[in-house]
Every structure is written in structure tokens, then in C-alpha cells.
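Colleague: I would like to go through this model with you, step by step. Please keep the terms plain.

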Amino acid sequence: MSLLDNTQMALESAMSGSMIEQSTLANNLANADTPNFEPSNVNFQQTLADAMSAGQSPTSVQYTAYTQPQVTSANGNGVDPNVTDAQIAENGLLYQDLVQVAAAREGILETAMNTTTSG
Amino acid sequence: MSFFDSINISATGLTAEQTEMNVTAENLANANSTNNGTPYTPQAVDLESIGSGNTFQDELSSAMGNTSGGVSGPPGGVQVQGIVSENVPAQEVYDPGNPQANKQGYVKEPNIQPVTEMTNMIQESNSYQADVTAMSTSKQMYSSTLELLR
């Protein structure tokens with residue numbers, strides 16, 4: 001039994017996945033005017049869920065971006081800035097959720113440690 | 001992948017939009033520059049994405065057949081490949097009183113449509129704001145991570 005359980009590891013792994021998704025989405029938005037640019041995205045929840053149901057350790061999960069071949073404007077660019085903006089906002093909120101849950105769980109550990117030292 | 005990648009990527013977007021805005025402003029400022037017979041040609045910005053197959057590592061792994069199917073390298077943002085002259089012919093305006101008019105009384109003026117340039121400017125300004133929003137979301141993510149350590 002390690003100090004940090006599998007759920008805590010999964011939360012931290014999801015945080016790093018969310019960070020990669022943030023970079024990918026920021027890249028899409030930065031290239032919103034680049035001709036023939038194909039947007040990409042990271043589905044970190046699905047990757048993590050698949051890995052965990054296959055019995056893999058959450059710390060060993062690799063998150064990779066996949067391209068979305070689509071064209072939304074005349075210069076061959078596939079980025080929809082409004083959709084990307086919404087995805088970035090959603091990802092930011094999701095990340096903060098993950099941080100809060102991780103912090104709350106670490107708070108429980110901390111309380112346990114303080115109880116043993118003071119008692 | 002470093003922790004500050006997403007902020008740097010947004011920054012490259014800001015730089016690119018800033019350059020586009022400068023070029024648009026220059027086009028508008030030179031809308032009537034006849035330059036003694038060789039009128040100003042409107043300029044345009046050529047953008048290209050950084051990363052995703054440009055690095056040595058990506059080239060090597062793709063040469064060795066290690067294609068993972070998706071994006072190969074980490075995303076690196078956008079960069080200005082160059083500022084190019086647009087291939088539009090100058091327009092001839094009838095103005096016999098102008099010292100630069102030819103025998104028929106026509107003056108060659110740059111073919112710049114203020115409405116088009118204004119539309120470009122609005123689009124660039126919107127993209128810039130979108131990049132700023134993405135940057136501030138990334139900033140909030142980092143701040144919330146720091147909250148973990150308190």
C-alpha cells in the first residue's frame with residue numbers, strides 16, 4: 001500500500017493530459033489563419049479510461065494528439081475559433097476541478113499525518 | 001513537453017497577429033502611394049505552423065517508419081514565413097491634373113480596397129483576442145496548480 005493510491009495517480013495523470021490538451025488547443029488557435037492547417041486535439045479522458053480499464057497504471061499513460069482533417073475556411077484551414085475558444089474554456093475549468101479534487105484528497109492525508117504527530 | 005508550452009504557443013499567435021496587423025496598417029497607409037509611376041503593391045503575411053514534423057527527431061522517426069498516426073511532434077505554435085507582395089495589378093485612375101499622369105491622363109494607383117483591409121483588421125483583432133483568452137486560461141491553470149502547494 002503506497003501513500004498515494006491509484007485514484008490520486010489517475011487525477012495527476014489526468015492533469016498532465018489536460019495540460020497537453022491545453023497546448024494542443026492553444027496551437028490550433030494560434031494557427032487559426034495558417035493556410036491548409038489541420039487542427040488536432042487530445043482526448044485524455046478516453047485515453048486514461050481505456051488504459052485504466054486495461055489494468056495499466058495511470059502514471060504510464062501516454063497522451064498523443066490526433067489530427068482532425070476538416071476544412072472550415074477558403075484557405076484550407078480547419079480551425080473554428082469559436083469552437084476552439086469553448087474547448088479551451090472547458091478544459092481550463094476541468095483542470096481546476098481536477099486540482100481541487102486532488103487537493104482535497106491530499107488534505108485528508110495531511111489531516112491524518114497531523115493527527116498522528118499531535119496525538 | 002514543458003509546463004509553459006501553452007502560454008508560449010499563444011504568444012507565437014500574438015506575434016503573428018501583430019505582424020498581420022502591421023502589414024494591414026501599412027497597406028492602408030499606402031493606399032494612395034503612387035511612387036512616381038511604380039505604385040505600392042499591397043503586402044500579405046505568409047503564416048506557417050511550427051513543430052509537428054519540422055524537428056530532426058520527427059524527421060528521423062518518420063524516416064525509420066515510426067509514424068504514430070497522429071501528430072508527430074509537440075505543437076509549437078505559428079510563425080511568420082514571410083511578408084509577400086500580393087499579385088494584383090495597379091489600377092489606373094483618370095486624373096489629368098496629376099503631375100504623374102501619363103499622356104492619356106491616367107495615374108497608376110495601388111489596388112487597395114479599404115473595406116477589405118478593414119475586414120482583415122477586424123479578423124486579426126478577433127484572433128488576437130482569442131489568443132489572449134487562451135493565454136489567460138492557461139495562466140489560471142498554472143495558478144490553480146500553485147494553489148496545491150499552499
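Modeller: What follows is a set of questions and answers on the contact, the pocket and the salt bridges.

This is a predicted model, in which local features need pLDDT of at least 70, side-chain atom pairs count only at pLDDT 80 or more, and totals for chains, interfaces and linings use all residues. Residues are numbered from 1 along each chain as its sequence is written, chains are lettered from A and ligands numbered from 1 in the order in which they are written, and side-chain values use heavy atoms, with hydrogens and water left out.

Colleague: How many residues does the contact take from chain B?

Modeller: Contact means heavy atoms within 4.5 Å. Chain A gives 30 residues to the contact, and chain B gives 33 residues.

Colleague: Which residues of chain A lose the most area to chain B?

Modeller: Buried area is the accessible area (1.4 Å probe) that two parts lose on being put together, summed over both. Chain A and chain B bury about 2,400 Å² between them, with 65% of it on carbon and sulfur atoms. On the side of chain A, 23% of what is buried comes from three residues together: M19(A), A30(A) and D33(A).

Colleague: How many salt bridges does the rule find across the interface of chain A and chain B?

Modeller: A salt bridge is a side-chain nitrogen of Lys or Arg within 4 Å of a carboxyl oxygen of Asp or Glu. Over all chains the count comes to one salt bridge, and D5(A) forms a salt bridge with R105(A). Across the interface of chain A and chain B, the number is zero.

Colleague: How far apart are the closest N and O atoms of D5(A) and R105(A)?

Modeller: The pair links distant parts of the chain, 100 residues apart, with R105(A) in helix 3 of chain A. Helices here are DSSP runs (H or I, at least four residues), and strands are too (E, at least two), numbered from the N terminus. The closest N and O atoms of D5(A) and R105(A) are apart by 2.5 Å.

Colleague: Which helix gives the largest share of the lining of the largest pocket?

Modeller: On a 1 Å grid over the protein atoms alone, a pocket is an open set of points where a 1.4 Å probe fits, with protein on both sides within 12 Å along at least five of seven lines; lining residues have an atom within 4 Å of a point. The lining of the largest pocket has 37 residues, and D33(A) is among those nearest its centre. The largest share, nine residues, comes from helix 3 of chain B.
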